[in-house]
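Please keep the structure open while reading.

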Amino acid sequence: MTPAPALAALGLMDAAFSGFRAYAGRDARIRKHRAIARAALRGLAAGAVLLLAPAITAGGVLLIADDRARAYASLADGGIGYLVPLVVYAAVVLLSLAAYFVLPFRASTLAVVVGLGPLTLLRPLALGIACLGALVHDGGWTSLLVGAVAGVAVLCVEPLVHRRWYAEVLRPPSG
């Protein structure tokens, strides 16, 4: 079983949230559903492009390997080791997000402050643990390389979206 589809799904979901974070807090309008959706789509598009980097890296590893079947098995094992910590992290984030949407106003605000805020700051740590998981779960150095490239790509989405679309002060549409 290849963990690539699950990893790609997690990466794209994180990219959409990164697009939202790049936009969040920059617009004082009350009704901004379209702008939020546009920011998430921008993050998703940037993430889709940036996540080609680990795919290309994995393809390069397979191309230069002497035994491609063994290299593929090593990358698959490393991918599972990379996936497990990220699934745990994503489950905690989704639980905190569910608390935000389900709980009353004060409790949901507390869920954001206690849950989503610190979890956002812990993203690089979660990716570092995932890289270690790829290394120790029979993935070897090649899986660590692919995991590190994926981690850097995921962490670059939010700054890229912010600089490309939200670096300047947002102004209301004229007209």
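How many helices and how many strands does the protein have? The protein has 6 helices and 0 strands. The model is a predicted one.

**Overall fold**

- From the N terminus on, the order of elements is α-α-α-α-α-α.
- The C-alpha trace spans about 60 × 35 × 20 Å along its principal axes.
- The protein has 175 residues, and buried residues make up 34% of them.
- Of the contacts between residues at least 6 apart in sequence, 77% join residues at least 24 apart.

**Largest pocket**

- The volume of the largest pocket is about 1,300 Å³.
- Its lining consists of 49 residues, and Leu-10, Gly-11, Leu-12, Met-13 and Asp-14 are the ones that lie nearest the centre.
- At least two lining residues come from each of α1 (4-23), α3 (52-64), α4 (68-102), α5 (105-121) and α6 (123-165).
- Helix α4 gives the largest share of the lining, with 14 residues.
- By residue class, the lining divides into 38 nonpolar, 8 polar and 3 charged residues.

**Nonpolar cores**

- The largest nonpolar core has 13 residues, and those that touch the most other members are Leu-10, Leu-51, Tyr-82, Leu-86, Leu-127, Ala-130 and Val-154.
- Helices α4 and α6 each supply at least two residues of this core, and α6 gives the most, with 7 residues.
- A second, separate core has 9 residues, among them Ala-22, Tyr-23, Ala-35 and Ala-39.
- Leu-10 belongs to the largest core and is also one of the residues nearest the centre of the largest pocket.
- Leu-51, another member of the largest core, touches Ala-8, Gly-11, Leu-12, Ala-153 and Val-154, leaving aside residues up to four places away in sequence.

**Salt bridges**

- Side chains of opposite charge can pair when their charged atoms come close.
- How many salt bridges does a search of the whole structure find? The search finds 2 salt bridges.
- One of them joins Arg-123 to Asp-14, with the closest N and O atoms 2.6 Å apart.
- This pair links distant parts of the chain, since Arg-123 is in helix α6 and Asp-14 in helix α1, 109 residues apart.
- Are Arg-123 and Asp-14 buried or exposed? Both residues are buried.
- Arg-123 counts as buried because its relative accessibility is 7%, and the cut-off for buried is under 20%.
- Apart from residues up to four places away in sequence, Arg-123 touches Asp-14, Ser-18, Arg-21, Tyr-89, Val-154, Leu-155 and Glu-158.
- Glu-158 has a relative accessibility of 23%, so it counts as partly exposed.

**Single residues**

- Which residue has a positive phi although it is not a glycine? Asp-138 does, with a phi of about 60°.
- Most residues other than glycine have a negative phi.
- Asp-138 is placed in helix α6, and Asp-138 counts as exposed because its relative accessible area is 59%.
- Phe-17 is placed in helix α1, and its relative accessible area of 31% makes Phe-17 partly exposed.
- Phe-17 and Leu-110 are 93 residues apart along the chain, and their C-alpha atoms are separated by 20 Å.
- Tyr-100 is placed in helix α4 and is partly exposed, with a relative accessible area of 38%.
- Tyr-100 lies 14 residues from Leu-86 in sequence and 21 Å from Leu-86 in space, C-alpha to C-alpha.
- Not counting residues up to four places away in sequence, Tyr-100 touches Ser-108, Ala-111 and Val-112.

Definitions and conventions:
Residues numbered from 1 in each chain as written. Predicted model: local features only at pLDDT ≥ 70, side-chain atom pairs only at ≥ 80, totals over all residues. Heavy atoms only, no water. 1 Å grid on protein atoms, 1.4 Å probe; cavity = no way out; pocket = protein on both sides within 12 Å on 5 of 7 lines; lining within 4 Å. Points joined across faces, edges and corners; volume = space filled by probe spheres on them. Helix = DSSP H or I, 4+ residues; strand = E, 2+ residues; numbered from the N terminus. Nonpolar A, V, L, I, M, F, W, Y, C, P; charged D, E, K, R; others polar. Core = buried A, V, L, I, M, F, W, Y, C linked by side-chain atoms within 4.5 Å. Buried < 20%, exposed > 50% of the residue type's maximum accessible area, 1.4 Å probe, protein only. Contact = heavy atoms within 4.5 Å. Salt bridge = Lys/Arg side-chain N within 4 Å of Asp/Glu carboxyl O.
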